[in-house]
Amino acid sequence: MPSVLSHPLAPLAHYYRMVKKTILVYQDPVTGLLPAQQQGIGNEQHAWVRDNVYSITVVWALAMAYRRIQDVDEDQARTFLLEQATVKCMRGLLKAMMGQRAKVERFKSSFSCKDALHAKYSSVTGQPVVGDEEWGHLQIDATALYLLTLAQMTASGLQIIFTLDEVAFVQNLVFYIECAYVIPDYGIWERGDKSNQSIVELNSSSVGMAKAAMRAMNLLDLFGARGGPASVIHVLPDETVKCAAVLESMLPRESNSKETDASILSIIGYPAFAVSNDQLVGDTLGTLQEKLGGRYGMKRFLRDGYKTPRENTDRLHYEPWELRQFENIEFSEILEGLTVEVDGVETLPEMYQVEEKDVMVEYSSPGKSQRVAGGRCPFMWAQSLYIVGKLLQDGLLAPGELDPLNRRLSSVKKPNVVVQVVVLAEDARVQALLCREGVLVQTTAQISPIQVQPARMLSHLYTFLGRNRKLGLSGRRSLDVGILATSRVYKIQNKTFIFTPQSFDRSMNYTDTDPCLAMSTLAYALNY
């Protein structure tokens, strides 16, 4: 690989032309959103959240590459234009989602598909383009991807969030995804269960992306170097750990109906890097390559009927036994080396398909027939990631620039955590009883100025995060705080607080008034 310190102008100019012709030419001048460009099927002006985030990533990446070589005014101008195009797209998505802030508020309590943020908006107006029940809108991974990319871009120096009202909304988006480990959704392909019956499932890709987003957003100042305590995002550590536990128990499966899925690539690698267990990453990647890999890239998942010669576009779903007709003829998504030249520019098509005349050949001898480019060309999302990969390969961009929060180092071994337990007596009477047994402890009053409060007080304090009357947002709705949250020392208004575990709060956990059960619960929590 070339040195990352070399910056020839010719390659950057080449990639700039590619980005301009395949990405920026489609950006709406008012909203900054990128339309799907699905000509002839009525979706020409639909802007998907996920597609927009992935597509604009290359514009941001190219801006960082240009930052290094600002030798002439033209290079400085291009850097500025690319950065502002990125900010405009991300703010266009932010405004579209803020227009549905009432849904965010309801979803924090209901987890209902009807209260989910929409998966796509009009690229011209930023308004919804389909009804709440006319699309599989509940896609936790799309919202999480937006938050993850927002965090990375902010850490790289871009100013995307402008006001404290927007900070409050982003904080509520964190609350929107924090329970991803128990929220079934429609997944990255928007159809839920593989039989297309609009059955939501718990998806590894959604849980993993939510985990990565929460890790990235935690303690991030959305105003960058010019911010303060009011612009910092907070995440409860227990929610991240719960996502990690569920994710690692699911892989390499994607969901109940999908043995595995190409979307898992986004969580074991770029951009999420959500799995810290190297062995699990290797095993999952091996399963993906074995079950989905081929000469033309990867299938989305097994028995995927989308865009195959056997697909019946007049039907909304298939019965489970009918899915066998799609075996071995699923379309393949492009990974590398299979580009199509359009107007002198290398472009990636959406997929490579089996032609109708080759279906029987593919049934009998999988992988033998030639496939043809199909779908949109260029496919903006794939085109973006392809150019990002080329920038990295040519040494024009360093991994650390694309990942300033170092998500890619999540699997690096860290020092073992030493758990320390502080035992305090509730009052002088309990202190005296413990003293008789030879246990010398202080009372909560004796450790002043440190104040000891129950966990319910901490949960009450967390409800103030993201609260905004102007936007109608109430902050965090869940009153649950885990052992990791109560294991921290908090500084609030120049006062120091520590909190007892939630299991010690008898008003919320009456079963733990049994001493044996209380000790068992505490031992389990410490081991966790």
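What percentage of the 528 residues in the protein is buried? Buried residues, those under 20% relative accessible area with a 1.4 Å probe and protein chains only, make up 52% of the 528 residues. The model is predicted, so local features need pLDDT of at least 70 and side-chain atom pairs count only at pLDDT 80 or more, while totals for chains, interfaces and linings use all residues. Residues are numbered from 1 along each chain as its sequence is written, and side-chain values use heavy atoms, with hydrogens and water left out.

The protein has 16 helices and 14 strands, taken as DSSP runs (H or I, at least four residues, for helices; E, at least two, for strands) numbered from the N terminus. Helix α2 covers residues 49-67, and 18 of its 19 residues are buried.

There are three cavities of 30 Å³ or more. A cavity is a set of points on a 1 Å grid over the protein atoms alone where a 1.4 Å probe fits but cannot get out, and its lining residues have an atom within 4 Å of a point. A volume is the space filled by probe spheres set on the points, which are joined across faces, edges and corners.

| Cavity | Volume | Lining by class |
|---|---|---|
| Largest | about 80 Å³ | seven nonpolar, three polar, no charged |

The lining of the largest cavity includes Tyr-54, Trp-60 and Gln-152. Helix α5 gives the most to this lining, with four residues. Among the residues lining the second largest cavity are His-118, His-137 and Tyr-176.

Technical notes. Buried < 20%, exposed > 50% of the residue type's maximum accessible area, 1.4 Å probe, protein only. Expected span 1.5 Å × (residues − 1). 1 Å grid on protein atoms, 1.4 Å probe; cavity = no way out; pocket = protein on both sides within 12 Å on 5 of 7 lines; lining within 4 Å. Nonpolar A, V, L, I, M, F, W, Y, C, P; charged D, E, K, R; others polar.
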